[in-house]
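Keep the sequence at hand as you go.

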Amino acid sequence: MSVKAISERTGKELLYKYICTTAVVRNRFSCVTVTTDTNWDCITVDHPWLLTERLVVKPDQLIKRRGKLGLVAVDLKLESVQEWLKSHLMTEITVGNAKGVLKKFLIEPFVPHIQEEEFYVCIYASREGSHVLFHHEGGVEIGDVDNKAQRLTLGIDEKLMEEIVTQQLLVHVPDDKKEVLASFIVGLFNLYEDLYFTYLEINPLVVTKDGVYVLDMAAKIDSAAEYICKPKWGDVEFPPPFGREAYPEEAYIADLDSKSGASLKLTVLNPSGRIWTMVAGGGASVVYSDTICDLGGVDELANYGEYSGSPSEQQMYDYAKTILLLMTREKHSDGKVLIIGGSIANFTNVAATFKGIVRAIKDYQEPLKEHEVTIFVRRGGPNYQEGLRVMGEVGKTTGIPIHVFGTETHMTAIVGMALGHRPIPNQPPVAAHTASFLLNSSASAATPPITRNTSLSEHNTCSVTDAITPTTGAPPVVSTHCHSWSGKVMLNAAVKAKPTTLFSRQTKVIVCGIQTQAVQGMLDFDYVCSRDEPSVVAMVYPYTGDHKQKFYWGHKEILLSVYKNMADAMKKHPDVDVLINFASLRSAFDSTMETLQYPQIRTIAIIAEGIPEALTRKLIKTADEKGVTIIGPATVGGIKPGCFKIGNTGGMLDNILASKLYRPGSVAYVSSSGGMSNELNNIISHTTDGVYEGVAIGGDRFPGSTFMDHVLRYQDTPGIKMIVVLGEIGGTEEYNICQGITDGLITKPIVCWCIGTCATLLSSEVQFGHAGACATQVLETAVAKNQALREAGAFVPNSFDELGDVIKFVYDDLVTNGIIVPEQEVPPPTVPMDYSWARELGLIRKPASFMTSICDERGQEVIYAGMPITEVFKEEMGVGGVLGLLWFQRRLPRYACQFIEMCLMVTADHGPAVSGAHNTIVCARAGKDLVSSLTSGLLTIGDRFGGALDAAAKQFSKAFDSGLLPMEFVNKMKKDGVLIMGIGHRVKSINNPDMRVQILKDFVKQHFPSTQLLDYALEVEKITTSKKPNLILNIDGFIGVAFVDLLRTCGGFTRDEADEFVDIGTLNGIFVLGRSIGFIGHYLDQKRLKQGLYRHPWDDISYVLPEHMST
């Protein structure tokens, strides 16, 4: 959804802030927004001019022709404005087909002027450049401005000069106003370009002796340019079209969309409606809405929305639960239906996305049953069989009626079922499993034998007559009235000739970006098409050095080069003439412009969605000058069966083989939608001899190549006998096809359908999934374009449901006339299945190399021992609680968590003199990094330093469990010549106690259920300190024995589990973790103090050498 309208106030604030002109722009920032929440006392303080000026008040809700509708009040004092608002604020009105409530008004100073001081100016974008319209008579009664206004067209990157404005636009303007107007229009045009406006209209623009006044303004900006313009735009609000409320759920989904690499869209049309949709794909979502409206469901259609781009399970859960929440707020007497539909996915793992939907259905199962919701599902694509199985299972377990269908069912057939227009099959046909297409029955690793690699009709030289007309059985003609198109096919003289054939069996390509799945899919397609060698020869990825990447060519492993620089890749591979650009929307422009500098490249596919239109138009201009064909942006690419495919086009091999894309047919298609192109593959393969070539040009307003570009290529390709075009609402490119048919440029039979027919039936404007899928005038509606295509001589069905029937009708007619001669089908070769997909499909199993039982990071959030991280924070478990989960796999009592944290605190540091800290400091001063310095300190931990926790716990536990009296234990250790670990301190003594031990002792005595081992150790301390006062129970010994008491008595462990944790070194982990805090502190301290290399002083070293060495 690239182009979005902004409020008048937002547009004016941008203009006032950033316009650069010598003209004096008056009333800058003198505008106030008024709603039901407005505090008049506050706004009059903030805007004192409200009390002194005469005022204008009008709604600011994207309403056109407000003056003619009587919605503008002028020349009023503030009291009169307030009275006027009382009768208008929160009033429901009807504008065209839209009915809405007036909620937001704009108050501005009234500008006294005469009619001769009113002008009209408008700037808008087209594929070729920008257009400036000007008329010397502005205002409410301007009329048909397109025919009346002076017009100036500027090419891409062409600057507007004041002289040109004066000569071509201001011919009817009084001389005393020309200079001011010329400067203002140039400044306005520069503002329009700098801030990525796509439409900017001022009517009237008033010019008096005092300066320029912008009275009424309408504007749209390219929301895709936010990453460029955010510093100047700020937080722009995009209001909904008048007649449609802005729902918080829409804002929630928009926020999800902005934070995701996938696409998530939601528009609430009728919250009380009974028909709800959850559709995958920008094009498919429009087709489903069309079908619902065609079958009489327009008044019950509750929402429009789509998801695409392989959203995660959590994102799908959030999206699905939002729709389920909306649809279960109000009951409907006839119950409700939810249509979960989609075309055949190219790369989205259907089962993975369905997991999120299934979770949402389970969570909302009771409201869904209470509202009598029936769910209809149709989907295809990678792993769709598993997705459908899971969806069917949730219906059985929850008791919700869920009907599931796969690619064996027409995409929109479930709409007829949901609305009662067709029966629901008791047992839908079972589609073949993915694995049945991919497993190789032969052990041979050789390249498979060449199958059919030319079209079934390639060698037939019969020409198609221009007068193939429908006979019996042809679909009836729709008689919908619309405006006629009178344009001509525009041929740009600056466009360098482009090749008719973009791809062949020898095509070589460089892929920009690391896209291993897409590249492997291309190599598998090459293999199944019996190509002699892979089409992908290299990849370019600027964030790593040159290296090799491993892929499969059939059974064989091969290496492809990855280059850091584009120049190196081009130099090493001069036979490459195609580049597939997977770069992100932020870098796709720069990388494509770089690619266009290499003459060897003839075709570029740009996959990224969301490139600003202004940048795309620069790409188009440069590509036209160099004779390069651009496919995209916002596309999945294209496919030429038997030769080459772009990226993920055509989906996985099961769909490639099912749709017979491994060999060419006789039908070529061009579509704006990538997802729908895969559906076309399916339809064409079932109704004809298959696809010869197919291209998805992308859903942007200005795609790199147009429908006509490809239709003319198909016209000039002998192997192509018929053409299919799937257009959509928005733009006028389809009219060029009409003109091409009329002028005789297109003589092959062409089947066309434009999706988006539902738009004319909806009460308010809807921006559909693709950026270009929105009509701004009648000519751009799908209904008008379908009618024009039909009148020009194209074969146009009555609905998308009939598209396959019309394609079959035309194909059968060509076969009957001998233009296409069907040949016997050749069984396709097979390709081994990837290991990852074999596991995904449950076909194989393999022992895991690692096992873990404490953490799982695979979902939307990390899980610690079964507890989601959000719950960890919600329960305020702290570091001690997390340590309990990850170390002990248990949720420990609060006092236990506190004790662990206290242990970490008291063991964190013991000064710079101890060996661990000393080593850390020396290492840090030697210039080593943090990890190296920390490791140096940690390596000193052992029995002599810090490692006594485990040993103390073991010794005291063994003595206590053996029944030895404290005195017997001390005597035995002395007799065996073994030191008692945890006893003794170099500094502290019975007379100078260690406060760390005292703090922990007080806590343990107060909170632990039992301290048997600690009491035993304290009795041992009495014996040892009677001999020498510093033989106290030190901090290591205290923590060791107290931890044993904790493990044995907290109720969370068996005796065997408690002993095992001691045996495996858990207690020493406390010291290691705690002391790491101090070591890091010493490292940072040395770096902060900028201490140099440490050298130990000679006078602190006793040099003891053998005498014979010193003489």
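Glu 370 is partly exposed, with a relative accessible area of 47%. This is a predicted model. Glu 370 pairs with Lys 331 in a salt bridge, and the closest N and O atoms are 3.5 Å apart. The bridge links distant parts of the chain. Glu 370 belongs to helix H13 (residues 365-370), while Lys 331 sits in the loop between helix H11 (313-327) and strand S17 (336-340). The two are 39 residues apart. Lys 331 counts as exposed, at 56% relative accessibility.

How many salt bridges does the structure hold? There are 48. Another one joins the side chains of Arg 663 and Glu 825, at 2.8 Å from N to O. Arg 663 is in the loop between helix H21 (653-658) and strand S29 (667-671), and Glu 825 is in the loop between helix H26 (803-816) and helix H27 (835-840), so the pair ties together parts that are 162 residues apart in sequence. Is Arg 663 buried or exposed? Its relative accessible area is 2%, so Arg 663 is buried. Glu 825 is partly exposed, at 34% relative accessibility.

Lys 1022 and Glu 1019 both lie in helix H36 (residues 1012-1027). They are 3 residues apart, about one turn of the helix. Their side chains meet in a salt bridge of 3.2 Å, N to O. Lys 1022 is exposed, with a relative accessible area of 53%. Glu 1019 counts as partly exposed, at 36%. Salt bridges can also share partners, and in this way Glu 8, Lys 12, Lys 58, Arg 66, Glu 108 and Asp 216 are joined into one network.

Now the backbone. Most residues other than glycine have a negative phi, and most peptide bonds are trans. Pro 633 lies in the loop between strand S26 (629-631) and strand S27 (638-640).

Ala 634 is in the loop between S26 and S27 too. Its phi is near 55°, a positive value in a residue other than glycine. Ala 634 is buried, with a relative accessible area of 18%. Asp 75 is not a glycine either, yet it has a positive phi of about 55°. This residue lies in strand S4 (residues 73-76). Asp 75 is partly exposed, at 33% relative accessible area.

Phe 238 lies in the loop between helix H8 (226-233) and helix H9 (248-258). Its relative accessible area is 29%, so Phe 238 is partly exposed. Which residues is Phe 238 in contact with, leaving aside its neighbours within four places in sequence? They are Lys 4, Ala 5, Ile 6, Ile 221 and Ser 223. Leu 102 is 136 residues from Phe 238 in sequence, and their C-alpha atoms are 17 Å apart in space.

A nonpolar patch on the surface is formed by Trp 1098, Ile 1101, Tyr 1103 and Leu 1105. Together they have about 490 Å² of accessible area. Ile 1101 is in the loop between helix H39 (1066-1088) and helix H40 (1107-1110). Ile 1101 is partly exposed, with a relative accessible area of 35%.

One annotation remains. An unreviewed UniProt entry lists residues 502-611 as "domain: CoA-binding". In the model, this span is 25% helix and 29% strand. Its end C-alpha atoms lie 24 Å apart.

Terms used:
Residues numbered from 1 in each chain as written. Predicted model: local features only at pLDDT ≥ 70, side-chain atom pairs only at ≥ 80, totals over all residues. Heavy atoms only, no water. UniProt positions renumbered as here; feature names shortened; annotations may be inferred. Helix = DSSP H or I, 4+ residues; strand = E, 2+ residues; numbered from the N terminus. Buried < 20%, exposed > 50% of the residue type's maximum accessible area, 1.4 Å probe, protein only. Contact = heavy atoms within 4.5 Å. Salt bridge = Lys/Arg side-chain N within 4 Å of Asp/Glu carboxyl O. Patch = residues over 30% accessible without salt bridge, like charges linked within 9 Å, V, L, I, M, F, W, Y side chains within 5 Å. Areas by Shrake-Rupley, 256 points an atom, 1.4 Å probe, with all protein chains shown as cover.
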